[in-house]
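Here is a short briefing to read beside the structure. Keep the sequence and the 3D view open as you go.

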Amino acid sequence: MDKYLTLPLKDEDIEEINTGDTVYLSGEMYVARDAAHKRIYDLINDDKPLPVDLSGVCIYYMGPSPARPGRVIGSAGPTTATRMDKYAPAFLDHGVKVMIGKGRRSDEVRDGIIKNHGVYFAAVGGAGALLSKCITASEIVCYEDLGAEAVRRITVENFPVIAAMDCRGNDIYKKS
Amino acid sequence: MREINVSEITDAVEQMCSDINYELSPDMSELIVKARSEENSTLGKRVLDMLCENLTAAKEEKIPICQDTGMAVVFLEVGQEVHFTGGMIEDAVNEGVRRGYTNGYLRKSVVADPIDRVNTNDNTPAVVHYSIVPGDEVRITVSPKGFGSENMSQVFMKKPADGMDGIRSAILDAVKLAGPNACPPMYVGVGVGGTFEKAAILSKQALAGIASPYNKPWVAELEEEMLSAINETGIGPGGLGGRVTALGVKINTYPTHIAGLPVAVNICCHVNRHISTTI
């Protein structure tokens, strides 16, 4: 089923999402991938303050190509979520509700999604030029030294994703 | 003997790095369009529609097809009669990569050390493979490789007794493990024979459109058979279920040791970028 939802997602929005649904997201999300996850994960483990408040947020696993002059962002498709599996349960425990990436998630992430009432969406891998057109604003929030891996806050409009694991832990990749 | 100034190599590499990240070679883009007509699943069709639209958007607006503009793999087939002047050839290749990735607004995805992981900020160094060939020309192939699929690639050291079935199972095992993580529909390069590292290079050459002169007639038959077998797995576009799991399978072979049957399976996503020129 196709749904149009606004970020941040409410608990009742997440409840109504079923694995396999196509969802068009609008609103703000954070962008972070491997290196930024490691830094934030280390801060969580050391019980130190985090550079961003994770409560209720959506994280898009992505590292864009540089924007040409006059453009908001370069190519901006998902990276493989599996590499973030080590960090994701702690992020979910700290308030992250929505993850966007591509590919399989571990049992630990599935448990974290069920426990924290979250959802994992897949975006279409290798469609970064097209997906960049749904991004209307982008700014670096922290870790600028990481280059393509810096943490960004982006605004999206009707950003197309497919529910790959709903809040009940149903996994689209196990069906297919 | 023919003298070639390495600045010519730099210019060619720069141009190829940017061109191939905005527009696939026709052989690859045609496969994606054809896949759309062969897919039955609703989600699969939707994914393939997006991939077709994505290719158009990338070409028209000069945005990289995929944000992972890859680590630059460069094959140099150098004629034995060529004498390079003006500097070291590998420096010239890296300068081309540096300029192509910087001036072309491509992502800098290379870290200087696998553990320290500090970005080199210019996508260098490239991975360069040289071969010496007859003649006085240089053929350059640039194949930027994304790592979503590279991470799912494998080398299997099969036994001679495993024979053709050993090759079949290596390919299918790698593809199934890769599944949704490798951004299907995939393109599968396979190297059979040689040694551990030779098999891997053969598989990369298969992806880059460089055929081995050793390939026997069974190779083409196995390519076709494996493409059908992969498309029976049901992984489908985006790994969301469907018919089109792979766009193509290319196999390269080389003589090997009496004790061995190395099989390297280099998986690429649907963005199988390769471009060649001759100087």
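How many residues does helix α4 of chain B have, and how far does α4(B) reach from its first C-alpha to its last? Helix α4(B) covers residues 89-103, which is 15 residues, and reaches 21 Å. That is close to the 21 Å expected at 1.5 Å a residue. Keep in mind that this is a predicted model.

**Around helix α4 of chain B**

- Several residues of α4(B) are buried, among them B:Ala92, B:Val93, B:Gly96, B:Val97 and B:Tyr101.
- The buried residues of α4(B) also include B:Asn94, B:Glu95 and B:Arg98.
- The cover over these buried residues includes α1 (6-22), β2 (71-79) and β4 (127-133) of chain B.
- Just after α4(B), B:Tyr105 has a positive phi of about 55 degrees.

**A four-stranded sheet in chain B**

- In chain B, 4 strands make an open sheet with mixed pairing, in the order β6-β9-β7-β8.
- Its edge strands are β6 (154-158) and β8 (246-256) of chain B, and each pairs on one side only.
- From one strand to the next, the twist averages 15 degrees.
- Strands of a sheet pair through backbone hydrogen bonds, either parallel or antiparallel.
- Strand β7(B), residues 186-194, pairs with β8(B) in the parallel sense over 9 bridges.
- B:Met186 has B:Ala246 of β8(B) as its bridge partner.
- Helix α7 (residues 196-207) of chain B lies across β6, β7, β8 and β9 (261-268) of chain B.
- The angle between α7(B) and β7(B) is about 145 degrees.

**The largest nonpolar core**

- This core holds 134 residues.
- The members that touch the most others are A:Phe121, B:Val13, B:Met186, B:Val188 and B:Val190.
- Strand β7 of chain A (residues 151-165) gives the most to the core, with 9 residues.
- Domain 1 (2-22 + 65-145) and domain 2 (148-272) of chain B both contribute residues, so the core lies between them.
- Leaving out residues up to four places away in sequence, A:Phe121 touches A:Val23, A:Val98, A:Ile100, A:Val161, A:Ile162, A:Ala163 and A:Ala164.

**Where chains A and B meet**

- Contact between the chains involves 34 residues of chain A and 37 residues of chain B.
- On the chain A side, the elements that give two or more residues are α5 (128-132) and α6 (172-175) of chain A.
- Helix α5(A) gives the most to that side, with 4 residues.

How values were computed:
Residues are numbered from 1 along each chain as its sequence is written. Chains are lettered from A and ligands numbered from 1 in the order in which they are written. This is a predicted model: local features need pLDDT of at least 70, side-chain atom pairs count only at pLDDT 80 or more; totals for chains, interfaces and linings use all residues. Two strands pair if DSSP finds at least two bridges between them. Axes are lines fitted to C-alpha atoms, for helices over the stretch in contact, and angles run from 0 to 180 degrees between N-to-C directions. Two residues are in contact if their C-beta atoms, placed from the backbone, lie within 7 Å. A nonpolar core is a set of buried Ala, Val, Leu, Ile, Met, Phe, Trp, Tyr and Cys residues joined through C-beta atoms within 7 Å. A residue is buried if 20 or more other C-beta atoms lie within 10 Å of its own, exposed if 12 or fewer, and partly exposed in between; C-beta atoms are placed from the backbone. Domain bounds come from an automatic or database domain assignment. The expected span of a helix is 1.5 Å times one less than its number of residues.
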